[in-house]
Amino acid sequence: MSTVTSQPEVPAGVKLPLYMDNHATTQMDPRVLEAMIPFFTNKFGNAASRNHSFGWEAEQAVDVAREQIAKLIGATAKEIIFTSGATESNNLAIKGIAEMYRERGNHIITQVTEHKAVLDTCKRMEKQGYRVTYLPVNADGLIELEDLKRAMDDKTILVTIMFANNEIGVIQPMAEIGKLCRERGVIFHTDAVQAVGKVPIDVNALNIDVLSLTAHKIYGPKGVGALYVRRRNPRVQIAAQIDGGGHERGMRSGTLNVPGIVGLGKACELAREEMQSETERLTAMRDRLKNKLESNLDFVHINGSMKHRLPGNLNMSFVHVEGESLLMGINDIAVSSGSACTSATLEPSYVLKALGLGDDVAHSSIRFGLGRFNTTAEVDYVADKVIDVVQKLRELSPLYEMAKEGIDLTKVQWQAH
Amino acid sequence: MAYSEKVIEHYNNPRNVGQMDKSSTEVGTGLVGAPECGDVMRLQIKVNPLTRVIEDAKFKTFGCGSAIASSSLATEWVKGKTVDEALEIKNTDIVKELSLPPVKIHCSVLAEDAIRAAIGDWKKKNVVGGEQVSASAAVAAN
Ligand SMILES: Cc1ncc(COP(=O)(O)O)c(C=O)c1O
Ligand code: FES
C-alpha cells in the first residue's frame, strides 16, 4: 500500500501550509493593520483623556470605529459598547440582563448548539437561581419556532440564540425569533460572531436588542469585540459586570483598546463594502469544494442545512474514516474536526450530536472554513488531497469494508470499551 | 497534536493491512471497539495448528493515527510468536515503542484487546475443554 500522507501536485500559487479554518480565526487584512499602526506609536493617547489633543485624537478614532461598526449592523454609534471580544460580550449581555431584569422574571431561553461562551454563562445563571431552557435543534441544526413559543412564559426575560453556528455555519431564523420576542416583550440577544460581516444584518428589521461580535473573525485583531445594546424601542439596560472608571456609558469600565478598536472599525467597514462580492466568491468556492468531494467519494454526509448557511462554511462527514486520522493525512491543510479523538475531553462535537447524528458521523466530520484569502487553486488542492487520503484510509477501515459488503453496522454487536 | 516519528511511520506505511477468511479454523478474528467511540479494530491471526505459531496477521482500523499505528505494530509483533507468547504483549509495550502520549493510551489498550480477542476466537475454534483438538478433527468439524 502506498503512503497515506499523499502529495498531489501543488498548483502554482498555492502556499503550504494552507489555512482553511476561518471559523476559528482569520488572518488580519493588511488594510486593517495599516489603519491600526499609528495608534500603537505616535497616536497613543487615552480616549478618556479630555484635556489634550492626544486624548481627543484617540477619542475621535474610537468614534469613527463606533460609526463603522454601527453601520454594518444598522445600529447607531451610541449603541456600541467595546469589549475584549465576544466571550466577554456574551457574558456581559447575559449576566447584565439577568441581573437588571431580575424583578421582572428569572427565565432565560437559549439553544443547545450555542458557543460555550453562552452555554457556560447560562449554566452559571442556573446556579444563581435562574431557570434556563435549552431548546433542541432539528436535523438541519435549526430551532423550531413552535418550541420557542412553547418555552416562553411570563417569567421569560431573555432569549439568546446565535445568529450563525461556528461549526456547521447554519443561520437561525432570526427575523421570526426577533418578531416573537418583540411581541412578547422579551429581550433578544444574539451571538452574531460568525454572521457579522458575512451576511446582511439589520438589528431593527430583525428586532435584535443585543448583539455580540468580535474582530478576529472578520479579518481584524484578536482581543477586541463589541456589544450592541439597543437604546430605543425599547431601551435595553445592562448591569455592569466590571466596576471602574465608568467607561462605555458605565456598562464596561476599562481604558479602551484604541488600536484594536480602530482595527475592528476598519474590519467592519471593509466587510460591509465587500460583502456582496465576497459572498459570491466564497459561495462559488464552497460549492466547488462540496461538488468535488461529493462526486468523488461515497458515504459522505453534509452536516446542517445547506439552504440556511454561511457562504464560507462546509461541514462534511467522511463516514467510516475517523477525523483525526484524516487531519493527520492532510497535515499541510488547516481545518478542524468534530471527532472525539481531536478533543481534549475525548467527546465528539456536541453540536453534531445535537443534530441527531450518530456519534460515528461526528467522529468523521471535517469543518472547512473558507475565507477572504482562500483561492480556487487552494480549493482544488484541498479537494484532491482530501479525496486521496479518504480513499486510502478507507482501505484501512474495517467499517468501510463491512458497509461495502452490505452489513448493517447498527446491527453489529460492538464491544464498546 | 504532535505525533512521534514511529506513529507517523506506521500511519504512512501500515503493515499487514487486509483481511483473512474468518471462517477458516486456522484464523482467529478479533473485532473490538465501537463506531460510536470513534475506534474499531479488526485484527486477524493465522495459526499453525501443530506449532501454534502465528504465521500471518492482518488488520484494519477505524481510529486515530495512534490507533492505526498501534494495530499495525501489533500485527508485526504477533507474527512468528506462539499464541501463548503473543498473549504476553502488553499495551504498555506498545505505548513505549510508539511514544504515545497519555490521551492516546486507550488506543494501545484497544490493540491489546484486539490481540486477545483474535486469540480467543482462534482458541474457541480449536481448543475444546482445555485440550487442543487435532488439526484434522478441526478441519473435519467445519
Ligand atoms: C459563535 C462564537 N461565539 C463566541 C466566540 C468567542 O469569541 P472571542 O474569541 O472573541 O472571545 C466564538 C469564537 O471563538 C464563536 O465562534
Ligand atoms: S482512536 Fe480515538 S484517540 Fe485514538
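In chain B, residues 24 or more positions apart account for 62% of the contacts (heavy atoms within 4.5 Å) with a separation of 6 or more. The model is a predicted one, in which local features need pLDDT of at least 70 and side-chain atom pairs count only at pLDDT 80 or more, whereas totals for chains, interfaces and linings use all residues. Residues are numbered from 1 along each chain as its sequence is written, chains are lettered from A and ligands numbered from 1 in the order in which they are written, and side-chain values use heavy atoms, with hydrogens and water left out.

Chain B contains six helices and five strands, taken as DSSP runs numbered from the N terminus (helices H or I, at least four residues; strands E, at least two). Along the sequence these elements follow the pattern α-β-β-β-α-α-α-α-β-β-α. Of the 142 residues in chain B, 51% are buried, that is, under 20% relative accessible area with a 1.4 Å probe and protein chains only.

At the interface, 33 residues of chain B are in contact with 32 residues of chain A. The two chains bury about 2800 Å² between them, 63% of it on carbon and sulfur atoms, where buried area is the accessible area (1.4 Å probe) that two parts lose on being put together, summed over both. Three salt bridges are found across this interface, a salt bridge being a side-chain nitrogen of Lys or Arg within 4 Å of a carboxyl oxygen of Asp or Glu; the side chains of A:Glu324 and B:Lys104 meet in a salt bridge with an N to O distance of 2.9 Å. On the side of chain B that touches chain A, at least two residues each are supplied by helix H1 (5-12), strand S1 (27-34), strand S2 (39-47), strand S3 (54-62), helix H2 (65-78) and helix H5 (105-126) of chain B.

Within chain A, helix H11 (residues 376-395) has 20 residues and reaches 29 Å from its first C-alpha to its last, close to the 28 Å expected at 1.5 Å a residue, the expected span being 1.5 Å times one less than the number of residues. H11(A) is mostly covered, with 14 of its 20 residues buried. The buried residues of H4(A) are A:Ala117, A:Val118, A:Leu119, A:Thr121, A:Cys122 and A:Met125, and what covers them includes helix H3 (86-100), strand S4 (131-135) and helix H9 (350-354) of chain A. H4(A) is followed by A:Gly129, whose phi is positive, near 95°.

Terms used: Buried means under 20% relative accessible area, exposed over 50%, partly exposed in between (1.4 Å probe, protein chains only).
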